[in-house]
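Please look through the structure below with these notes beside you. They are written as numbered points, and each point takes up one part of the fold.

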Amino acid sequence: MSKDTYKSGFVALIGRPNVGKSTLMNYVIGQKVAIMSDKPQTTRNQIRGVYTGEQGQVIFLDTPGIHKPHSKLGEWLVKTAQDALEEVDLVLFLIDAEEGIGPGDRFIIQQLKKIQTPVFLVVNKIDQVHPDALLPLIDQYRALYSFKEVVPISALQGNNTSTLLQLILNELPEGPQYYPADQVTDHPEYFIVGELIREKVLQLTREEIPHSVAVVVEEMKKREDRDLIDIRATIFTERTSQKGILIGKKGALLKEVGQRAREEMERLLGSKIFLDLWVKVKKDWRNEAMMLKQFGYRDEK
């Protein structure tokens, strides 16, 4: 690639839930733009993260993990991920080196066979396995699909991510710089704020709570007289019992969610935050089209 050639394009991150797609995007960009959790199906929207360097600009689409859906929300998540494959210049298919090939990977490969977009196989979490185990695993995947490149990485440690980034830039077409150099996402701040709150709920709750939660930022306003942003947000869940768990004994869990979210928001926004959190019940919202639209899960086309 000559120094005069500027590359740019859109790259979809696809893979089973919890293989490290958000971790990889956040590492490459150098800032958190997608939430991370040890629970599957954390990502619900197409998160666009923007990397800008001297050679080019890469716009990453961190899609929801493809999985067998069990609700209207689940169906929407899978459709969002599949649509992304048609609209990008390159697909990164992430797999977990520890887990090996599974039915979910085979399902994704069937979807990849329907598109013309070039695909890189990105083998993540190589720091968790013995190097001798990698080649047999890669051979299994190569037998099922002809990948343009195979790149072993550790998104958490950053191992080999610079090589991956260079290969991505080599593959992208010549193009303009779509976003300003200092912009790392095209999502508005209130979206990121809502995702940070949801991340803290995921971190602090167990079992059925995480997937039944949606966060709506009702108000976000800077005070005129001081360096302080007032944020009012509502955490919606599906059952009254879940509301009780989320609030916690004497409000302890909700207070902890608020404190963790506020600290991260202050780092992100560079300002003091007053965070007002509420919990409300919307019964079975994941299966109601109107509620899904209200909570921001809808087609943008």
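1. Is helix α1 (residues 21-29) mostly covered or mostly uncovered? Helix α1 is mostly covered, since 8 of its 9 residues are buried, where buried means under 20% relative accessible area, exposed over 50% and partly exposed in between, with a 1.4 Å probe and protein chains only. Among the buried residues of α1 are Lys-21, Ser-22, Thr-23 and Leu-24, and just after the helix Gly-30 takes a positive phi of about 85°. Helices (H or I, at least four residues) and strands (E, at least two) are DSSP runs, numbered from the N terminus.

2. A word on the origin of the values is needed here. This is a predicted model, in which local features need pLDDT of at least 70 and side-chain atom pairs count only at pLDDT 80 or more, while totals for chains, interfaces and linings use all residues. Residues are numbered from 1 along each chain as its sequence is written, and side-chain values use heavy atoms, with hydrogens and water left out.

3. Strand β5 deserves a careful look. In β5, 6 of the 6 residues are buried, so the strand is largely enclosed by the rest of the structure. Val-119, Leu-121 and Val-123 point one way from β5, whereas Phe-120, Val-122 and Asn-124 point the other way. This can be set beside the general rule that in a regular strand the side chains alternate between the two faces of the sheet.

4. The partners of β5 come next, where two strands pair if DSSP finds at least two bridges between them. β4 and β5 pair in the parallel sense over 6 bridges, with Val-91 opposite Val-119 in β5. β5 also pairs in the parallel sense with strand β6 (residues 149-152), over 4 bridges, and there Val-123 stands opposite Pro-152. Two right-handed β-α-β units can be traced, one made by β4, α3 and β5 and one by β5, α4 and β6; a crossover is right-handed if, with the strands pointing away from the viewer, the path from the first strand over the helix to the second runs clockwise.

5. The largest nonpolar core has 29 residues, and those with the most contacts inside it include Val-91, Phe-93, Leu-121 and Tyr-141. Such a core is a set of buried Ala, Val, Leu, Ile, Met, Phe, Trp, Tyr and Cys residues joined through side-chain atoms within 4.5 Å. Helix α4 gives the most to this core, with 4 residues.

6. The structure holds 4 aromatic pairs; rings of Phe, Tyr and Trp (its six-membered ring) pair if their centres lie within 6.5 Å, and planes under 30 degrees apart count as stacked, over 60 as edge-to-face and the rest as tilted. The rings of Phe-93 and Tyr-141 have centres 6.2 Å apart and planes at 70°, so this pair is edge-to-face. Because Phe-93 lies in strand β4 (residues 90-96) and Tyr-141 in helix α4 (residues 134-142), the pair ties together parts that are 48 residues apart in sequence. For Tyr-145 and Phe-147 the centres are 4.9 Å apart and the planes at 55°, so that pair is tilted. Phe-93, Tyr-141, Tyr-145 and Phe-147 form one aromatic cluster.

7. Finally, 3 strands form an open sheet in the order β7-β8-β9, with mixed pairing. β7 (214-222) and β9 (272-281) stand at the edges, each with a single partner strand, so one side of each is left without a neighbour in the sheet. β7 and strand β8 (residues 228-237) pair in the antiparallel sense over 8 bridges, and the bridge partner of Val-216 in β8 is Thr-234.
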